[in-house]
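Here is a short briefing to read alongside the model.

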Amino acid sequence: MDTQEKLRDAPLPMIAARIRRARRQSGMTLDGLAGAADTSRQHLINLEKGRHRPRPEMLTRIADATGKPLDYFLLEVAGEPNPFPEAA
């Protein structure tokens, strides 16, 4: 399965929560990650809130900036708590 398929199939609330978690774990602010990923602060806010599904290029830049592998944002992990139970 390629990145485009994984991105299409991954639950948006999970992607959003992992973007936020990766940013926080890396000690970055919204402005810091927005600059590192070459996007606007508002776009990053919308991604973290699950209002938009990131494009593969954007998610790759976020992964690079936070030091996480791309699959961290796209693959569900058994036993991991759902950060948005109302979306399940």
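A polar contact is a pair of N or O atoms within 3.5 Å; within protein, one must be able to donate a hydrogen and the other to accept it, and residues adjacent in sequence count only if both atoms are side-chain atoms. The side chain of Glu48 makes such a contact with the side chain of Arg23, at 2.6 Å. Please keep in mind that this is a predicted model, where local features need pLDDT of at least 70, side-chain atom pairs count only at pLDDT 80 or more, and totals for chains, interfaces and linings use all residues. Residues are numbered from 1 along each chain as its sequence is written, and side-chain values use heavy atoms, with hydrogens and water left out.

**The chain overall**
- The chain has six helices and zero strands; helices (H or I, at least four residues) and strands (E, at least two) are DSSP runs, numbered from the N terminus.
- Of the 88 residues in the chain, 38% are buried, where buried means under 20% relative accessible area, exposed over 50% and partly exposed in between (1.4 Å probe, protein chains only).
- Contact means heavy atoms within 4.5 Å, and among contacts between residues at least 6 apart in sequence, 65% join residues at least 24 apart.

**Helix 2**
- Helix 2 covers residues 12–25, and its end C-alpha atoms lie 20 Å apart, which agrees with the 20 Å that its 14 residues should span at 1.5 Å a residue; the expected span is 1.5 Å times one less than the number of residues.
- Its buried residues include Leu12, Ile15, Ile19 and Arg23.
- Among the elements covering those buried residues are helix 1 (3–9), helix 4 (41–48) and helix 5 (56–66).
- Just after helix 2, Gly27 takes a positive phi of about 75 degrees.

**Glu48**
- Glu48 sits in helix 4 and counts as buried because its relative accessible area is 2%.
- A polar contact also links the side chain of Glu48 to the side chain of Arg20, at 3.3 Å.
- Leaving aside neighbours within four places in sequence, Glu48 is in contact with Ala16, Ile19, Arg20, Arg23 and Leu30.

**Ala36**
- Ala36 belongs to helix 3 and is partly exposed, because its relative accessibility is 45%.
- Beyond its neighbours within four places in sequence, Ala36 is in contact with Met28 and Ala65.
- Ala36 and Thr66 are 30 residues apart in sequence, and their C-alpha atoms are 9.0 Å apart in space.
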